[in-house]
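Please examine the structure shown below. The briefing that follows treats the predictor's confidence and some local features of the backbone.

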Amino acid sequence: MGLVKVCTAADVPEGEVRRFQVNGREVAVVNLGQEGFRAVDAICSHAHYFLDEGEVDVDLETIECPKHGSTFDLNSGKPRTLPATLPVQVFPVKNESDDILIEVEE
Amino acid sequence: MEPATKVQGFDEEALSALSSSTLFVEALRKQALEEFLALPIPSQETEEWRYTDLSDLDLSFAPFAPGGDAESLNRGKILQAAGVVGERAGLQIQRNSEVVSTQLTEGLGAKGVIFGDLDRAAEEHPELVEPHLHALVPTSRTKFTALHGAFRTGGTFLYVPPAVTVELPLQTLTYLDADGAAVFPHTLIVVGQDAEVTFIDRYVSPALSRALSVGITEIHAGAASRVRYVSIQEWGDGVTHLGVQRARTGRDTELRTVAIGFGASLARAEAETELAEPGGFSEMLGVFFADGTQHFDHRSLQDHVAPNCKSDLLYKGALKGESRAVYSGWVHVRPDAQKTDAMQTSRNIVLSDRAKADAIPNLEIEANDVRCGHAASVGPVEEEQVFYLQSRGIRRDEAERLIVFGFFQEVLDRITLEEVRDSVSHAIEQELAGEG
Amino acid sequence: MAVFGGTLRVSGNGPPRETNVAVSQEEHLKELSKGYRFDWKDADHSVFTPKRGLSAAVVEEISSLKGEPDWMRKFRLKALKHFEARPMPWWGADLSDIDFENIYYFIRSTEKQAKNWEDLPEDIRGTWDKLGIPEAEKKYLGGVSAQYESEVVYHKIKDELDQMGVLFTDMDSALRDHPDIVKEYFGTIIPPNDNKFASLNSAVWSGGSFIYVPPGVHVDIPLQAYFRINAENMGQFERTLIIADEGSYVHYVEGCSAPIYTSDSLHSAVVEIIVKKGARVRYTTIQNWSTNVYNLVTKRAAAYEDAVMEWIDGNIGSKVTMKYPSIYLLGKGARGEVLSVAYAGKGMHTDAGGKAVHVAPYTTSIITSKSVSKDGGRTGYRGLIRVEPGAHHAKSNVRCDALILDEDSRSDTYPYIEVEEETAALGHEATVSKVGDDQLFYLMSRGLSEPAATAMIVNGFIEPITRELPMEYAVELNRLIELQMEGSVG
């Protein structure tokens, strides 16, 4: 495992999500404001759509897939609603002086 | 391995670099190029391409790869790669984009049988080629059929006049060894009333880093003719194979096709029969074996337009490694096709926990006096059968091998050409012995 | 006395009947033979002037009339955006004639819900009498919910069920009275952006049933809901949520009907079911909308460890039906079953089926579909069996049979099988046929008329489904088939 810089805090406005390529993988970085940043696999486990094109719910700490409306818990990666049944991968995030770093497998 | 030529991609300039053909072919090419440029790469959003993703397909292939001159041609090597070639009434070899050799048994020519390079046939027999070329598979069907229409060179034309019976099979061997090339094999078969013929298309290549084959087969089977068509796809790794085969039967035609698929990294094979006149019969057999990371997308259509026709489809496939196979088939019975008898069966045996199989056998029935059915299954080697064989003292791996052979036996038994049957058995054997 | 039924023919309907007295079974059958027997219209009872068309203002108005919490208002508005953004489905039936601007999205028919039939306005009560609901309630139901246009006008549950802690109310009341449990589950099985019609329902939903069965409680007698559309160009968008807690059992039955109008109505429900560990839910639908109703429904259940979910889905009416009850088998050993019977007569397209998604190991599913098409009708089976990675030893069987009774009719079968597990075993079989001449000849040689013989064969054909229905429904369904097969009707 290693820490990789993905973006700066300013790159992802509060309550929003942006997609970055990290080691060949698509990662969605979410800014939950006071609750900090989250990073999950950007591709929905159900029908392979980009999650960053969906909406973030800051209160529930979920992200919604734009294709069929499944929502995923940003902390566990588990789907909160059907039709997705499999989790998306969650990456540990560090905010080091406004650099957003995530932990990915080498 | 031969490197392909420097030209890459498909545009007007690339098209003008091809040697010119007869006027109607030139017109067809031009129109097809326009279609190719206008049409999108098929999207997974559509039902037809739901299971195959070509959105990332890089089309920077060489549009033409020479077959080499007669001297440099190592015919032995090609034939060796092709495996057993039994006794033939005719054999044509296409290497890369060019036909390099054609032979036809003496006497058949005298009976009016025409067999050879499609481009040459277009020049010499336009009255036979023009009305049939792309009549069943229009260039506008997809971006890829348009590409084929624009850049096809070589290919095979077979014409059997009315009432002529060709006893031995005819064959075309398409051999590809130009890395980075795109080839467009085309087989156009026109069979007259009450004639009989067997044709084998075989596609072979070594492993390549990348190559594209977009093939089209069109079979016009006349009234009361008896036509057998076998395609054997044994491309090497690295090849993307997109094939469309379509046949139209006449009154009381008997058409039997066999599609065998073992090769390519990605293979999409569409096989269609239009039963256009009463009394037609169409048998469609399929055998495939996927391993490694191969992706197979097999599609079939039994299109019953006329009444009193019968069609029977049986596809059997095995999957190993991390391969994926999709079968989707359609039986369409149109309003006038009363007394249709149509059956469609797809069976898949999954030999690895990382392989994936999908089956979608569809029926669309618009007539009521019909007998139609379909069956599909996906499953593992049954433990009970393994246990039974083990109880008879057979080792587990041998038991599984026997069960897989038993699984394929039903379709092998229906392949009437012994030599094809044997080579398929041999290929299954090799697949079972191989890794992953 | 049965509470559903009707024939599908649209001709020969008399003027709306004035009567509001209960009619006997015999009178029902007499009426049945005249045509679609639910073709009476009540006077307009709306308690405020309804408006046609859909907008954020309409959604806000529905939410405010119901006095909903803010989260639901937001949920609706977001769903409306999804609805507007989504294209119409390109597959399935032809929906191009639906005019979303001409539909009434909310009609309130009574000021408050009744607990006694007598408290309802006279002709609304007469409608329920004619449908036989009060009588059925007395005889064999544990609870009844009666929805008229947008809202449930009558609701009652037997005292003993109430005492066992069974909750059975209309969905609007549930949101008011049980907000926590509704918020926890609402929209988790079918999210608002699942498909265009789920989005529509999520934006304008009203009425429907809410059921909660506590752990270990077996509800022995069925709970029933009946949905009636009375107004022309009505849109009915009920929303049902059923939660069967661990080890519990409930059987829910729904029926529906509407008068025949010259222009179309739309029924678009969302039904979400949660079947917890070891619980069992049976959901029976007898859909008998008149032939001017578009019936576009999303129904989905989540079944956990060793749970059993059964959909028994009879689609006899409507102009267009698109409905594929689905089961997500999320816990080890969960079982799912879909029994579907579809009929399509003149001008009808019934696209039905079922889906089973195997997520957990050792899960099983069975889908059985029987369809009959006649007089130019078109039936379709559309299904999906999917085995996700990890659902090892999943087993599924699909059986579809279609009968086509004349040369103008049509039947389609579109089954999808997707398998990502080596040890999964899946099978699908289908047949399409006509009524066999030899069978007909045999029965007629025994003195049966041709329609009677055909009816007998069709009844035999759908028997695997009817035998799973409560008896009253099964008898009625068989009678319906007999009437359908009569030359005078067909």
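**Backbone features and confidence in a predicted complex**

Pro83(A) lies in the loop between β7 (71-73) and β8 (90-91) of chain A; strands (E, at least two residues) are DSSP runs, numbered from the N terminus. The peptide bond that leads from Leu82(A) to Pro83(A) is cis, with omega near 5°.

This is a predicted model, in which local features need pLDDT of at least 70, side-chain atom pairs count only at pLDDT 80 or more, and totals for chains, interfaces and linings use all residues. Residues are numbered from 1 along each chain as its sequence is written, chains are lettered from A and ligands numbered from 1 in the order in which they are written, and side-chain values use heavy atoms, with hydrogens and water left out.

**Confidence**

- The predictor gives the complex an ipTM of 0.84 and a pTM of 0.84.
- Chain C has a mean pLDDT (the predictor's confidence in each residue, from 0 to 100) of 86, and 90% of its residues reach 70 or more.

- Glu61(A) is a residue other than glycine, yet its phi is positive, near 55°.
- Glu61(A) belongs to the loop between β5 (56-57) and β6 (62-64) of chain A.
- With 14% relative accessibility, Glu61(A) counts as buried (under 20% relative accessible area, with exposed over 50% and partly exposed in between; 1.4 Å probe, protein chains only).
- Asp194(B), also not a glycine, has a positive phi of about 65°.
- The loop between β9 (186-191) and β10 (196-204) of chain B holds Asp194(B), which counts as partly exposed at 38% relative accessibility.

Technical notes
Helix = DSSP H or I, 4+ residues; strand = E, 2+ residues; numbered from the N terminus.
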